[in-house]
Amino acid sequence: MTTVHLQKVEAKRHELLKHPVYRQVNSLQRIRIFMEHHVFAVWDFMCLLKRLQQQLTCVDVAWVPGKEPRFARLVNEIVLGEESDEDGRGGYASHFQLYCEAMAECGADLTAIERFIVSLQSGTDPFEAVHQAKIPQTVREFVAHNLQIAFRAAPHEVAAAFFFGREDIIPDMFQKLVPMLEQHGLPTERFVYYLKRHIELDGDQHGPLAEQLLVYLCGNDSKRWAEAERVAIRSLAMRIRLWDGVLAAFSKTAAVSEP
(Lines give C-alpha, C1' and ligand atoms only; values in the text may rest on other atoms or scores of the structure.)
Protein backbone atom coordinates (compact mmCIF):
# COMPACT_ATOMS: atom_id res chain seq x y z
CA MET A 1 0.00 0.00 0.00
CA THR A 2 2.79 2.41 0.88
CA THR A 3 6.51 2.69 1.40
CA VAL A 4 5.81 3.12 5.11
CA HIS A 5 5.89 -0.30 6.74
CA LEU A 6 2.63 -1.14 8.48
CA GLN A 7 3.74 -4.19 10.47
CA LYS A 8 2.57 -2.61 13.71
CA VAL A 9 -0.88 -2.14 12.24
CA GLU A 10 -0.96 -5.78 11.17
CA ALA A 11 0.13 -6.90 14.63
CA LYS A 12 -2.63 -4.90 16.30
CA ARG A 13 -5.14 -6.14 13.72
CA HIS A 14 -4.15 -9.73 14.52
CA GLU A 15 -4.54 -9.05 18.24
CA LEU A 16 -8.04 -7.70 17.68
CA LEU A 17 -9.12 -10.70 15.61
CA LYS A 18 -7.84 -13.05 18.32
CA HIS A 19 -9.91 -11.34 21.01
CA PRO A 20 -11.89 -13.85 23.12
CA VAL A 21 -15.11 -11.84 22.92
CA TYR A 22 -16.24 -13.43 19.63
CA ARG A 23 -16.50 -16.97 20.98
CA GLN A 24 -18.24 -15.82 24.15
CA VAL A 25 -21.27 -14.24 22.47
CA ASN A 26 -23.04 -17.52 23.13
CA SER A 27 -26.31 -16.73 24.90
CA LEU A 28 -29.21 -14.35 24.46
CA GLN A 29 -28.16 -12.42 27.54
CA ARG A 30 -24.65 -11.94 26.21
CA ILE A 31 -25.89 -10.95 22.75
CA ARG A 32 -27.91 -8.21 24.41
CA ILE A 33 -24.89 -6.98 26.37
CA PHE A 34 -22.71 -7.04 23.25
CA MET A 35 -25.22 -5.02 21.25
CA GLU A 36 -25.83 -2.47 23.99
CA HIS A 37 -22.10 -1.69 23.91
CA HIS A 38 -21.56 -2.01 20.17
CA VAL A 39 -24.49 0.12 18.97
CA PHE A 40 -22.52 3.25 19.85
CA ALA A 41 -19.75 2.12 17.49
CA VAL A 42 -22.40 1.71 14.79
CA TRP A 43 -23.39 5.32 15.39
CA ASP A 44 -19.92 6.89 15.45
CA PHE A 45 -18.97 5.04 12.26
CA MET A 46 -21.30 7.47 10.51
CA CYS A 47 -19.48 10.45 12.03
CA LEU A 48 -16.23 9.38 10.37
CA LEU A 49 -18.03 8.77 7.09
CA LYS A 50 -19.84 12.11 7.16
CA ARG A 51 -16.56 13.95 7.75
CA LEU A 52 -15.14 12.28 4.63
CA GLN A 53 -18.26 13.18 2.71
CA GLN A 54 -17.90 16.83 3.75
CA GLN A 55 -14.24 16.79 2.74
CA LEU A 56 -14.62 15.18 -0.67
CA THR A 57 -18.06 16.28 -1.85
CA CYS A 58 -20.06 19.47 -1.65
CA VAL A 59 -22.95 19.34 0.82
CA ASP A 60 -23.66 23.08 0.77
CA VAL A 61 -26.90 24.38 -0.72
CA ALA A 62 -24.83 26.70 -2.93
CA TRP A 63 -23.19 23.76 -4.69
CA VAL A 64 -19.78 23.97 -6.29
CA PRO A 65 -17.97 21.15 -8.10
CA GLY A 66 -15.40 19.20 -6.15
CA LYS A 67 -11.77 18.75 -7.13
CA GLU A 68 -11.93 14.97 -7.52
CA PRO A 69 -15.25 13.60 -8.84
CA ARG A 70 -13.81 10.07 -8.72
CA PHE A 71 -13.44 10.22 -4.94
CA ALA A 72 -16.68 12.11 -4.46
CA ARG A 73 -18.41 9.16 -6.11
CA LEU A 74 -16.42 6.74 -3.97
CA VAL A 75 -17.57 8.37 -0.74
CA ASN A 76 -21.14 8.81 -1.97
CA GLU A 77 -21.33 5.11 -2.83
CA ILE A 78 -20.34 4.22 0.72
CA VAL A 79 -22.85 6.72 2.14
CA LEU A 80 -25.59 5.26 -0.06
CA GLY A 81 -25.01 1.80 1.37
CA GLU A 82 -24.56 2.86 4.98
CA GLU A 83 -27.35 5.42 5.19
CA SER A 84 -30.00 3.84 2.97
CA ASP A 85 -29.25 0.17 2.37
CA GLU A 86 -31.68 -2.60 1.44
CA ASP A 87 -33.32 -3.70 4.67
CA GLY A 88 -33.95 -7.31 3.61
CA ARG A 89 -37.72 -6.76 3.63
CA GLY A 90 -38.24 -4.85 0.42
CA GLY A 91 -37.46 -1.43 1.87
CA TYR A 92 -34.49 0.69 2.87
CA ALA A 93 -32.84 1.65 6.14
CA SER A 94 -29.58 2.94 7.52
CA HIS A 95 -27.32 0.35 9.05
CA PHE A 96 -27.84 2.11 12.36
CA GLN A 97 -31.61 1.59 12.02
CA LEU A 98 -31.06 -2.06 11.11
CA TYR A 99 -28.96 -2.49 14.23
CA CYS A 100 -31.59 -0.93 16.46
CA GLU A 101 -34.21 -3.23 14.92
CA ALA A 102 -31.95 -6.18 15.69
CA MET A 103 -31.59 -5.00 19.28
CA ALA A 104 -35.36 -4.79 19.67
CA GLU A 105 -35.77 -8.26 18.16
CA CYS A 106 -33.53 -9.91 20.74
CA GLY A 107 -34.71 -7.80 23.67
CA ALA A 108 -31.60 -5.64 24.12
CA ASP A 109 -32.03 -2.38 26.02
CA LEU A 110 -32.26 0.58 23.64
CA THR A 111 -32.66 3.19 26.38
CA ALA A 112 -29.10 4.54 26.38
CA ILE A 113 -28.71 4.87 22.61
CA GLU A 114 -32.20 6.35 22.17
CA ARG A 115 -31.58 8.97 24.86
CA PHE A 116 -28.23 9.75 23.26
CA ILE A 117 -29.85 10.34 19.85
CA VAL A 118 -32.58 12.51 21.39
CA SER A 119 -29.86 14.56 23.11
CA LEU A 120 -28.14 15.15 19.76
CA GLN A 121 -31.45 16.02 18.10
CA SER A 122 -32.08 18.63 20.78
CA GLY A 123 -28.79 20.34 19.90
CA THR A 124 -26.44 18.99 22.57
CA ASP A 125 -22.78 19.10 21.60
CA PRO A 126 -21.73 15.54 20.65
CA PHE A 127 -18.82 15.50 23.09
CA GLU A 128 -21.10 16.65 25.89
CA ALA A 129 -23.76 14.12 24.88
CA VAL A 130 -21.19 11.32 25.18
CA HIS A 131 -20.09 12.64 28.57
CA GLN A 132 -23.68 12.72 29.82
CA ALA A 133 -24.69 9.33 28.41
CA LYS A 134 -25.21 6.50 30.89
CA ILE A 135 -22.87 4.07 29.16
CA PRO A 136 -19.86 1.98 30.20
CA GLN A 137 -16.56 3.83 30.41
CA THR A 138 -15.03 1.74 27.61
CA VAL A 139 -17.89 2.74 25.30
CA ARG A 140 -17.49 6.38 26.25
CA GLU A 141 -13.76 6.27 25.53
CA PHE A 142 -14.30 4.56 22.18
CA VAL A 143 -16.86 7.09 20.99
CA ALA A 144 -14.87 10.06 22.28
CA HIS A 145 -11.82 8.80 20.38
CA ASN A 146 -13.73 8.59 17.12
CA LEU A 147 -15.39 11.96 17.60
CA GLN A 148 -11.97 13.53 18.13
CA ILE A 149 -10.88 12.11 14.81
CA ALA A 150 -14.10 12.94 12.97
CA PHE A 151 -14.19 16.57 14.12
CA ARG A 152 -10.53 17.49 14.56
CA ALA A 153 -8.16 15.22 12.66
CA ALA A 154 -6.72 15.82 9.19
CA PRO A 155 -8.55 14.13 6.29
CA HIS A 156 -5.91 11.44 5.78
CA GLU A 157 -6.11 10.58 9.49
CA VAL A 158 -9.90 10.27 9.25
CA ALA A 159 -9.46 8.00 6.24
CA ALA A 160 -6.96 5.89 8.19
CA ALA A 161 -9.39 5.43 11.08
CA PHE A 162 -12.16 4.67 8.60
CA PHE A 163 -10.20 2.09 6.63
CA PHE A 164 -8.01 0.34 9.19
CA GLY A 165 -10.36 0.76 12.14
CA ARG A 166 -13.59 -0.02 10.30
CA GLU A 167 -13.94 -1.11 6.68
CA ASP A 168 -10.87 -3.34 6.56
CA ILE A 169 -11.39 -5.13 9.89
CA ILE A 170 -15.19 -5.31 10.20
CA PRO A 171 -15.79 -8.21 7.76
CA ASP A 172 -13.23 -10.39 9.56
CA MET A 173 -14.65 -9.53 12.99
CA PHE A 174 -18.24 -10.16 11.97
CA GLN A 175 -17.40 -13.47 10.28
CA LYS A 176 -16.40 -14.72 13.73
CA LEU A 177 -19.77 -13.77 15.20
CA VAL A 178 -22.17 -15.19 12.61
CA PRO A 179 -21.52 -18.93 13.33
CA MET A 180 -21.94 -18.32 17.07
CA LEU A 181 -25.33 -16.75 16.50
CA GLU A 182 -26.62 -19.20 13.91
CA GLN A 183 -25.84 -22.36 15.87
CA HIS A 184 -27.76 -21.40 19.00
CA GLY A 185 -31.19 -20.88 17.42
CA LEU A 186 -31.74 -17.55 19.18
CA PRO A 187 -33.97 -14.65 17.97
CA THR A 188 -31.19 -12.89 16.06
CA GLU A 189 -32.41 -12.93 12.46
CA ARG A 190 -32.04 -9.16 12.03
CA PHE A 191 -28.65 -9.13 13.73
CA VAL A 192 -27.35 -11.89 11.46
CA TYR A 193 -28.72 -10.00 8.43
CA TYR A 194 -26.89 -6.87 9.59
CA LEU A 195 -23.62 -8.77 10.09
CA LYS A 196 -23.81 -10.60 6.76
CA ARG A 197 -24.67 -7.39 4.93
CA HIS A 198 -21.52 -5.77 6.33
CA ILE A 199 -19.39 -8.77 5.46
CA GLU A 200 -20.67 -8.56 1.90
CA LEU A 201 -20.51 -4.79 1.40
CA ASP A 202 -17.35 -4.01 3.34
CA GLY A 203 -15.41 -6.99 2.08
CA ASP A 204 -16.33 -6.66 -1.59
CA GLN A 205 -17.02 -2.95 -2.06
CA HIS A 206 -16.58 -0.50 0.80
CA GLY A 207 -13.23 -1.83 2.03
CA PRO A 208 -11.47 -1.50 -1.33
CA LEU A 209 -13.05 1.93 -1.87
CA ALA A 210 -11.89 3.13 1.55
CA GLU A 211 -8.38 1.88 0.82
CA GLN A 212 -8.29 3.77 -2.47
CA LEU A 213 -9.35 6.91 -0.64
CA LEU A 214 -6.62 6.53 1.97
CA VAL A 215 -3.97 6.04 -0.72
CA TYR A 216 -5.24 9.13 -2.53
CA LEU A 217 -5.17 11.32 0.59
CA CYS A 218 -1.72 10.16 1.73
CA GLY A 219 -0.13 10.00 -1.71
CA ASN A 220 3.65 9.82 -1.56
CA ASP A 221 3.85 11.85 1.64
CA SER A 222 5.76 9.75 4.18
CA LYS A 223 4.69 12.06 7.01
CA ARG A 224 1.03 11.50 6.21
CA TRP A 225 1.55 7.74 6.04
CA ALA A 226 3.26 7.79 9.42
CA GLU A 227 0.35 9.76 10.86
CA ALA A 228 -2.12 7.36 9.24
CA GLU A 229 -0.26 4.44 10.79
CA ARG A 230 -0.43 6.01 14.25
CA VAL A 231 -4.17 6.64 13.95
CA ALA A 232 -4.74 3.12 12.65
CA ILE A 233 -2.95 1.52 15.61
CA ARG A 234 -4.80 3.70 18.08
CA SER A 235 -8.17 2.96 16.46
CA LEU A 236 -7.58 -0.78 16.61
CA ALA A 237 -6.40 -0.50 20.22
CA MET A 238 -9.59 1.35 21.15
CA ARG A 239 -11.67 -1.42 19.58
CA ILE A 240 -9.77 -3.96 21.69
CA ARG A 241 -10.57 -1.89 24.77
CA LEU A 242 -14.23 -1.75 23.73
CA TRP A 243 -14.30 -5.55 23.48
CA ASP A 244 -12.52 -5.78 26.86
CA GLY A 245 -15.44 -3.83 28.31
CA VAL A 246 -17.91 -6.27 26.79
CA LEU A 247 -16.01 -9.20 28.30
CA ALA A 248 -16.02 -7.52 31.69
CA ALA A 249 -19.79 -7.15 31.42
CA PHE A 250 -20.09 -10.82 30.46
CA SER A 251 -18.23 -11.80 33.63
CA LYS A 252 -21.03 -10.26 35.68
CA THR A 253 -23.62 -12.56 34.09
CA ALA A 254 -24.25 -16.21 34.76
CA ALA A 255 -21.60 -18.47 33.28
CA VAL A 256 -22.52 -20.04 29.94
CA SER A 257 -20.84 -23.15 28.61
CA GLU A 258 -19.04 -22.53 25.34
CA PRO A 259 -19.96 -24.82 22.46
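Trainee: Is arginine 197 buried or exposed?

Mentor: This is a predicted model, so read the value as computed. Arginine 197 has 13% relative accessibility, so it counts as buried. The cut-off for buried is under 20%.

Trainee: Which residue forms a salt bridge with arginine 197?

Mentor: Look for a side-chain nitrogen of Lys or Arg within 4 Å of a carboxyl oxygen of Asp or Glu. Here, glutamate 200 is the partner, and the closest N and O atoms are 3.2 Å apart. Glutamate 200 is partly exposed, at 39% relative accessibility.

Trainee: How are glutamate 200 and arginine 197 placed in helix α11?

Mentor: They are three residues apart in α11, so about one helical turn separates them.

Trainee: How many salt bridges does the count come to?

Mentor: The count is 14 salt bridges. One of them pairs glutamate 83 with lysine 50, with the closest N and O atoms 3.1 Å apart. Glutamate 83 sits in helix α4 (residues 69-83) and lysine 50 in helix α3 (residues 28-56), so this pair ties together parts 33 residues apart in sequence.

Trainee: What is the relative accessible area of glutamate 83, and what is that of lysine 50?

Mentor: Glutamate 83 has 38% and is partly exposed. Lysine 50 has 28% and is also partly exposed.

Trainee: Which residue does arginine 241 pair with in a salt bridge?

Mentor: Glutamate 141, with the closest N and O atoms 2.3 Å apart. Arginine 241 lies in helix α12 and glutamate 141 in helix α8 (residues 137-152), so the pair ties together parts 100 residues apart in sequence. Arginine 241 is partly exposed at 34% relative accessibility. Glutamate 141 is partly exposed at 24%.

Trainee: What describes two packed helices?

Mentor: Use the angle between their axes and the distance between the axes. Take α11 (residues 189-218) and α12 (residues 222-250): their axes come within 9 Å and cross at roughly 135 degrees. That makes α11 oblique to α12.

Trainee: Which residues of α11 and α12 meet?

Mentor: From α11, the residues are Leu214, Val215, Leu217 and Cys218. From α12, they are Arg224, Trp225 and Ala228. By class, this contact has six nonpolar residues, no polar ones and one charged residue.

Notes:
Residues numbered from 1 in each chain as written. Predicted model: local features only at pLDDT ≥ 70, side-chain atom pairs only at ≥ 80, totals over all residues. Heavy atoms only, no water. Axes fitted to C-alpha atoms, helices over the stretch in contact; angles between N-to-C directions. Helix = DSSP H or I, 4+ residues; strand = E, 2+ residues; numbered from the N terminus. Parallel < 35°, antiparallel > 145°, perpendicular 65-115°, else oblique. Contact = heavy atoms within 4.5 Å. Nonpolar A, V, L, I, M, F, W, Y, C, P; charged D, E, K, R; others polar. Buried < 20%, exposed > 50% of the residue type's maximum accessible area, 1.4 Å probe, protein only.
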